[in-house]
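Here are my notes on the structure, point by point. Please read them with the model open.

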Amino acid sequence: MIKTKYRKIHTDIPSESTELFLRKLSETEARSMRGQLPVLWDCAKGFQVFDDQGNQWIDFTSTIFVANAGHAHPHIVEALHKQLDKKLLHSYTFINRSRVEFLKKLVSIKPDYLQKAFLLSAGTEATECALKLMRMRGISINKEKLAIISFFGSMHGRTMGAEMLSGDSKKSEWIGYKDPNIYHLPFPYPWLAKGDNYNWKDHFYRDIDRLKKQGLDFNNIAGFMIESYQGWGAVFYPKEYIQELVKFAGEYKAIVTFDEIQSGFGRTGKFFAYEHYEVIPDLVCIGKGASSSLPLSAVLGKADLLDLPETGSMSSTHSGNPLCCAAALANLEVIESENLVYESERKGKLLHQCLNQIAVKYPHRISHVLGKGMVAAILMADAGKPDVVFATKVVEKAMRKGLLVVYTARESIKLGPPLTIADDALLEGLDVLEESIAEADQGI
Ligand SMILES: Cc1ncc(COP(=O)(O)O)c(C=O)c1O
């Protein structure tokens, strides 16, 4: 039984009612939907989650990187009420005011090379759309310029094109064939560096040259799809590697797309995570944190790229939905007025400092602390080998103590609190995490 300023646990976890709902769901819903912790979310406010039994958690998940502006932010809720009161629930086919206002705000706060947006509903639609735009540009230059290069182990969504981009042969086995024009580079994990002054530029050229041996003609590269950090472990690329990749792409007139669906909207201490690499992309995919949970995603880029498809040949019924746009506009207003990008950088320093201190205490358990700003992953290891069992134990313990973290089903424990979290709640959550590691370490 736990009662602190921010946490309250006074039933078994999972509670009886959560178990009942999980049983009901398992009868009616595909099992793939239930990969996270068994907690029934009855209400979520700011950085806290409440179940129907009065238990209360500190949230380090942001409902998987959606609630950057905090759960049910009053300004966003008010905007939704206002939009509902207008009695307008329609589709993209006719324009509406909230879509005009959101897009105006979105392109105004971003750099001038992101001039237009195409709105969609799911992240996976946005990455597929970027794939289409990259290829449309490619074939406008040369009919065979269709090759897309992405990274093994990346996550771009669960539809066919997106899974082909991810390069996970097991997960995309169902597709039945490999697109001969999609190539994958190995991810440049930091632990591959040999020595402190490791040359990541050469590393990039060694890897890309291997694709040549697989038959790739560099002149036929339409574009690169880059997840700004690799999701499961918040793994960033070495900066020089991405800088060289973007230079190379420019030489071959290839489009560079950053998938910012998880990493955008202040999550990493910059508005977009690609800013850490100090490069200029051609296309940017957004989703998740763009609207504080309403289904909205988009592709942003230069007007000449976004306007490649003819009228009607790039569309999606629910895109530009007025309710989603109202939420997205209010979300941007909160990010701006509460200085959340700066807050993410500031609190991120605190988060990473504490995690690194924990790692020093448990060197036999924690091999890496990764991430930037308000996204972090601690990688659990046993004798140098990834330790999924230990990571799972820690995640479960934290849940029972009133802290929700992201379960990855891997050796990583991922942390992504709402950017609005109070400093003392962040620290309280980190204490719980440390306590959970300590107990799991002692076999309690
Ligand atoms: C980097 C990235 N791209 C794409 C997606 C797919 O987004 P959605 O689930 O909205 O289709 C995700 C979702 O986790 C993601 O993290």
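Predicted model: local features only at pLDDT ≥ 70, side-chain atom pairs only at ≥ 80, totals over all residues.

1. The strands concerned are β7 (residues 147–151) and β9 (residues 221–227), which pair in the parallel sense over three bridges. In general, strands of a sheet pair through backbone hydrogen bonds, either parallel or antiparallel.

2. Turning to the ligand, 13 residues surround it, and the closest are Gly123, Thr124, Gly157, Ile261 and Gln262. Helix α5 (residues 123–141) supplies three residues, the largest share of the shell. Sorted by class, the shell has eight polar, three nonpolar and two charged residues.

3. Helix α4 (residues 97–109) has 13 residues; from first C-alpha to last it reaches 19 Å, close to the 18 Å expected at 1.5 Å a residue.

4. Which residues of α4 are buried? They are Ser98, Arg99, Phe102, Leu103 and Leu106. Down the axis of α4, the buried residues fall within an arc of 125°, so they line one face of the helix. An α-helix has 3.6 residues a turn, so residues three or four places apart point the same way. Lys104 and Ser108, on the other side of α4, are exposed.

Terms used: Residues numbered from 1 in each chain as written. Near = placed C-beta within 6 Å. Helix = DSSP H or I, 4+ residues; strand = E, 2+ residues; numbered from the N terminus. Nonpolar A, V, L, I, M, F, W, Y, C, P; charged D, E, K, R; others polar. Pairing = 2+ DSSP bridges. Expected span 1.5 Å × (residues − 1). Buried ≥ 20, exposed ≤ 12 C-beta atoms within 10 Å, placed from the backbone. Arc of directions from axis to C-beta.
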